[in-house]
Amino acid sequence: MPADDVYAETTSYDTISNAFFARTSFCDLVGWKKLLIITSEFHMKRTKCIFDWVMNVPSVHGPTLPSSQKYELNYLSVPDYGLSEEAVKIRNEKENKSADNVEKILSRKYTTLSEVFEFITGEHAFYSAEKLVNRANTVINPDDAKKLEMLRQSYGGSISNSNISLAGFGNHDLIPFVSGTLFGGAVVA
C-alpha cells in the first residue's frame with residue numbers, strides 16, 4: 001500500500017477520542033466508509049467495542065444510520081511484542097474493565113455523536129479541564145508505582161530519570177506522562 005494512502009489520526013489521547021476524531025476529522029469529511037483499525041492484541045477487544053459504538057451512532061437523535069452511511073469496520077491485531085507476561089496481564093485487566101464500561105455504560109448512555117462529543121469534552125479525564133487539573137494534583141501511591149510503570153511502558157513509554165516528588169513519600173523515578181498525556185498524577189519536583 002502506498003504511504004500516501006495511509007492516514008494516522010494524531011489528535012486523540014485515548015481510544016474513544018481516537019474513534020471520534022477519526023470519524024469527524026477524516027471519515028465524515030471525505031466519505032470514507034471502509035476502515036481498517038490496527039492495534040495490539042491486548043487492546044483489540046476494547047478498540048472494537050469503542051469503534052463499533054462511535055462509528056455507528058447517528059449524529060443527532062433520530063433514526064439509526066441508513067446503510068449508505070454505515071461504516072465497514074475491519075480489525076487487525078498485532079502481537080504484543082516487547083511486553084513482559086506480567087505487563088500484558090496488567091494491561092489485559094485494564095482493557096477488559098474498560099471494554100465492559102464501554103459496552104454496559106458508555107454506549108448505552110451516549111447514543112449520538114453529539115452526546116459522545118459532550119462526554120469527551122465534559123466528562124473525559126483527558127479533555128475536561130476540571131478533570132485534567134484534578135488528575136495533575138492526584139498523588140500516586142508508591143505501592144501502585146510498579147503497576148503504573150508497566151502500564152505506561154505498554155503505551156510505548158520508556159524509563160526516564162525524571163524526578164517526581166510524591167507528596168509525603170519523597171522522590172521516586174517515575175514519569176506521569178504518556179505521549180504528552182498525564183498518566184496518573186504527581187507533583188513534578
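A polar contact is a pair of N or O atoms within 3.5 Å, and within protein one of them must be able to donate a hydrogen and the other to accept it. The model described here is predicted. In it, the backbone nitrogen of Thr-11 lies 2.7 Å from a polar atom of the Glu-9 side chain.

**Glu-9: position and burial**
- Glu-9 is located in the segment before α1, the helix that spans residues 15-30.
- Glu-9 has a relative accessibility of 16%, and it counts as buried because the cut-off is under 20%.
- Glu-9 and Ala-19 are 10 residues apart along the chain, and their C-alpha atoms are separated by 8.8 Å.

**Glu-9: contacts**
- Leaving aside residues up to four places away in sequence, Glu-9 touches Asn-18, Phe-21, Ala-22 and Phe-26.
- With Asn-18, the side chain of Glu-9 also forms a side-chain polar contact of 2.7 Å.
- The side chain of Ser-12 makes a polar contact of 2.5 Å with the side chain of Glu-9.

**Ser-12**
- Ser-12 is likewise placed in the segment before α1.
- Not counting residues up to four places away in sequence, Ser-12 touches Ser-17, Asn-18, Phe-21 and Tyr-127.

**Arg-46**
- Arg-46 belongs to helix α2, which covers residues 44-54.
- The relative accessible area of Arg-46 is 9%, so this residue is buried.
- The side chains of Arg-46 and His-43 are joined by a polar contact of 3.5 Å.

Notes
Residues are numbered from 1 along each chain as its sequence is written. This is a predicted model: local features need pLDDT of at least 70, side-chain atom pairs count only at pLDDT 80 or more; totals for chains, interfaces and linings use all residues. Side-chain values use heavy atoms; hydrogens and water are left out. Helices (H or I, at least four residues) and strands (E, at least two) are DSSP runs, numbered from the N terminus. Buried means under 20% relative accessible area, exposed over 50%, partly exposed in between (1.4 Å probe, protein chains only). Contact means heavy atoms within 4.5 Å.
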